[in-house]
Amino acid sequence: MKLELLEAQAHSTLAGASSSAQLAEAVTAVLGKRSPLALAHRELGALDPEGRRQAGRELHELRERLESLASARAAEIAAAERQAMLDADRLDLTEETSVASPIARGRLHLVTQTRRALEDVFVGMGFSVAEGPEAETDWYNFEALNIPPAHPARSMWDTFYLDLGQPESVVLRTHTSPVQVHLMEDTAPPIHAVIPGRCYRRETADARHLAVFHQVEGLVVDHDISFADLAGTIETFTNAYFGTDIHSRLRPAYFPFTEPSAEVEITCTICRGAGCRTCSGTGWIELAGCGMVDPAVFEAVGIDPTEWSGFAFGFGIDRCAQMRHGIADMRWLTENDVRFLRQF
Ligand code: PHE
């Protein structure tokens, strides 16, 4: 066979391959043991020495050209196959799921939304946001807060004790107040901080109590802080979060770690003060405990009570969500009924 013809056929065979599998076949057909090229090699034996040398060189050069053509084609095919794979794999990150889409979008739980909104209000008032652990030692949850062992005030909260160390030495915090102690141990005054977080009490769930609930603690330690500063802060907060039409009141109360102490109540937003099941017919809902930091607490954390004074408060976040959105029963927050959750 004429070499020009052989070369032209080989070219079209290699060019016709469009996948790596087809190319492997084409290479065998063009350069393999049974290819026209191999056949031509075998025919060299019939030539005289001079003709054999000449034809042998031509065949060798042709083989080299075909081999480099095959490897160029292999590179082209590999690139095309990789591109096709990338195209097929492409993720469209701009894709929107519409309301009608069967894939519904989730949202933040109302308690999380409320926690963030409360943080925003307090940050706007100049507080920073801090955090603390949910499992505490007896010292942080009780003792440093002026609640010694066997003190009757311990029964203010029904505590979950953890099976860790000495009996009744580690608890799931019953309030966020222990973070007051952490903050005062770790930071030199002045302190202006709010601390949101989860709390636990052995409580039977009802319209306004959950065994796992959330509080946002507030702590201010500075020079010459008075009860008027506390009352003003509570008032400013109530108006900023619930609106200027919602009334709040402070009622004398007792907490071992504040003196004097008060309970913050606001008009029940479910019945607007008329009395209902949610507020047990009183027209008021307790939202927070508060008071002036007891000097005994300052002494427990090594802050000089003759130099520094301060106030603290603890709001129920779930309670705030309940009153802000008119949720008659707090248990709905944890029942995970999407028809309820979707509203917020
Ligand atoms: N820790 C108290 C509670 O959970 C609330 C409180 C916080 C009271 C700060 C006074 C000061 O009931």
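Modeller: The residues I317, D318, R319, C320, A321, Q322 and M323 of α10 are buried, buried meaning under 20% relative accessible area with a 1.4 Å probe, protein chains only. A helix here is a DSSP run of H or I with at least four residues, a strand a run of E with at least two, numbered from the N terminus. This is a predicted model, in which local features need pLDDT of at least 70 and side-chain atom pairs count only at pLDDT 80 or more, while totals for chains, interfaces and linings use all residues. Residues are numbered from 1 along each chain as its sequence is written, and side-chain values use heavy atoms, leaving out hydrogens and water.

Colleague: Why is α10 said to be largely enclosed?

Modeller: Because 7 of its 9 residues, in the range 317-325, are buried, α10 is largely enclosed by the rest of the structure. Just after α10, G326 has a positive phi of about 65°.

Colleague: How many disulfides does the structure hold?

Modeller: It holds 0 disulfides, a disulfide being a pair of cysteine sulfur atoms within 2.5 Å. For C279, the nearest cysteine sulfur belongs to C276 and is 3.7 Å away.

Colleague: And C320, how far is its sulfur from the closest cysteine sulfur?

Modeller: The distance is 13 Å, to the sulfur of C199, which is too far for a bond. C320 is buried, with a relative accessible area of 0%. C279 also counts as buried, at 2% relative accessibility.

Terms used:
Buried means under 20% relative accessible area, exposed over 50%, partly exposed in between (1.4 Å probe, protein chains only).
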